[in-house]
Amino acid sequence: MNISKYISEKISEVKSGSFTASVTKIAIISIAAGIAIMIVSFAILEGFRNEIRDKIFSFGAHLQINKYDTNNSYEGAPISNAIGLTEADSIPGIKQIQAFARKTAIVKSEEEVLGVVLKGVGKDYDLSAMKHNLDDGQLLAYNDTASSKEVMLSRRVAEKLRLKVGDEAIFYFIQNPPRARKLKIAGIFNTGLEEFDEVFVIGDIKLIRELNNWPDSISGGMEIMINDFEKIDQVADRVFEKMNYDLQLEKITDRHAQLFDWLKLLRKNVVIFLVLIIFVATFNMVSTVFIMIIERINMIGVLKAVGATDAQIRKVFYFRGLHLTLRGMLWGNIVGLGFCALQYYFKFIPLDPENYYMDTVPISWNFGIIVVLNIITLAMTMLAILIPAAMVARIKPVKAIKFD
């Protein structure tokens, strides 16, 4: 039997009203609070990052290819669908290649008039991200032959035009000669991102091709979805090498640099905050072990007198510190994961979508990060306990036994 572990278990049986018991509770609470706060912080941070990125991706893929043009208008010059990338799997990391086109228009309802940009997409376009932003109605329904007469509006545009799902509005397209189409509202979405919701309407790319007299082989641009967003730079370099020389490639991180820079800054602030939490938790554990050693100086002197080594005595307090740390981590995980689960399923903490782009605090489950947080906390705490445990070597048996 491990004598150090046995003694550690015995000295843990302290009276509930004693000073040691109070300090022990404080140590457990500090570890538990630290773990819980870290779990909740990372879950909310990753939730924010994922929600905002999904909202951005619902209006544009990771990479966008356009005709190289000095004109900065929404419409841009048309390009051929044959852009030098024959298939989505021709480059490792590419998930999907999809065509799109944009056309400016003036929308007239019975009471209001508003300028918008119609973004035309086809059957091959991934609208799964937009489905999460859908407030009312449904996604676009495509026709294999004729162009669809349905569109999707943002909640902002719908309110300004006083339109609802099922209503019809006349779209006047700015061209020579001007053309008009009566289109039906199929769905209303709400991303909370003002730069998208104020401008874009989603429709059928066939409609834009008809208005511009384009064949099916011509589009306004191509968008590329990739499998791993973290590898966007590597995939962009491979795409650039293969695409035609008269085209330009733009990454979504460049197109919406302010949003992505804000997300990076947010992550840095959270990391700094969590480092401080770990420091406070380990400092409390060091203080707790120091107090336990001071209160057990007589015991340490007796153990040394009967032949116990410094290493054996250090293990006594090391096991005691490990026990307290594991108890704190257990409660911290229960509280942290419990809070995240409540928010994930019941959404009891609301947000102002005008400022946060969403109406409730988001939660993202990343159990890899949770495991890493627990390992780092355990490792840092155990290393910190070595500091007060080293004090055992300085205690002399004769003085310790006389210590009152």
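Author: Arg314, Phe317, Tyr318, Gly321, Leu322, Thr325, Leu326, Met329, Asn333 and Leu337 in H11 are in contact (heavy atoms within 4.5 Å) with Ile370, Asn374, Leu378, Thr381, Met382, Ile385, Leu386 and Ala389 in H13. By class, the residues of this contact are 12 nonpolar, 5 polar and 1 charged, where Ala, Val, Leu, Ile, Met, Phe, Trp, Tyr, Cys and Pro count as nonpolar, Asp, Glu, Lys and Arg as charged, and the others, Gly among them, as polar. The model is predicted, with local features needing pLDDT of at least 70 and side-chain atom pairs pLDDT 80 or more, while totals for chains, interfaces and linings use all residues. Residues are numbered from 1 along each chain as its sequence is written, and side-chain values use heavy atoms, with hydrogens and water left out.

Reader: Are H11 and H13 roughly parallel or roughly antiparallel to each other?

Author: The axes, which are lines fitted to C-alpha atoms over the stretch in contact, with angles from 0 to 180 degrees between N-to-C directions, come within 10 Å for H11 and H13 and cross at roughly 150 degrees. Angles under 35 degrees count as roughly parallel, over 145 as roughly antiparallel, 65 to 115 as roughly perpendicular and the rest as oblique. H11 and H13 are therefore roughly antiparallel.

Reader: How do the axes of helix H9 and helix H11 cross, and at what angle?

Author: Met285, Thr288, Val289, Met292 and Ile293 in H9 meet Phe317, Arg320, Gly321, Leu324 and Thr325 in H11. The axes of H9 (residues 257-295) and H11 (residues 310-346) come within 11 Å, and their crossing angle is roughly 135 degrees.

Reader: Which helices each supply at least two residues of the lining of the largest cavity?

Author: On a 1 Å grid over the protein atoms alone, a cavity is a set of points where a 1.4 Å probe fits but cannot get out, and lining residues have an atom within 4 Å of a point. The largest cavity holds about 60 Å³ of space, and its lining includes Ile39, Phe42, Ile369 and Ile370. The helices that each give at least two lining residues are H2 (19-57) and H13 (367-389).

Reader: Which element gives the largest share of the lining of the second largest pocket?

Author: A pocket is an open set with protein on both sides within 12 Å along at least five of seven lines, and the second largest pocket has a volume of about 510 Å³. Of its 25 lining residues, Glu51, Lys55, His132, Met358 and Asp359 lie nearest its centre. The largest share, 6 residues, comes from H2.

Conventions
Helices (H or I, at least four residues) and strands (E, at least two) are DSSP runs, numbered from the N terminus. Grid points are joined across faces, edges and corners, and a volume is the space filled by probe spheres set on the points.
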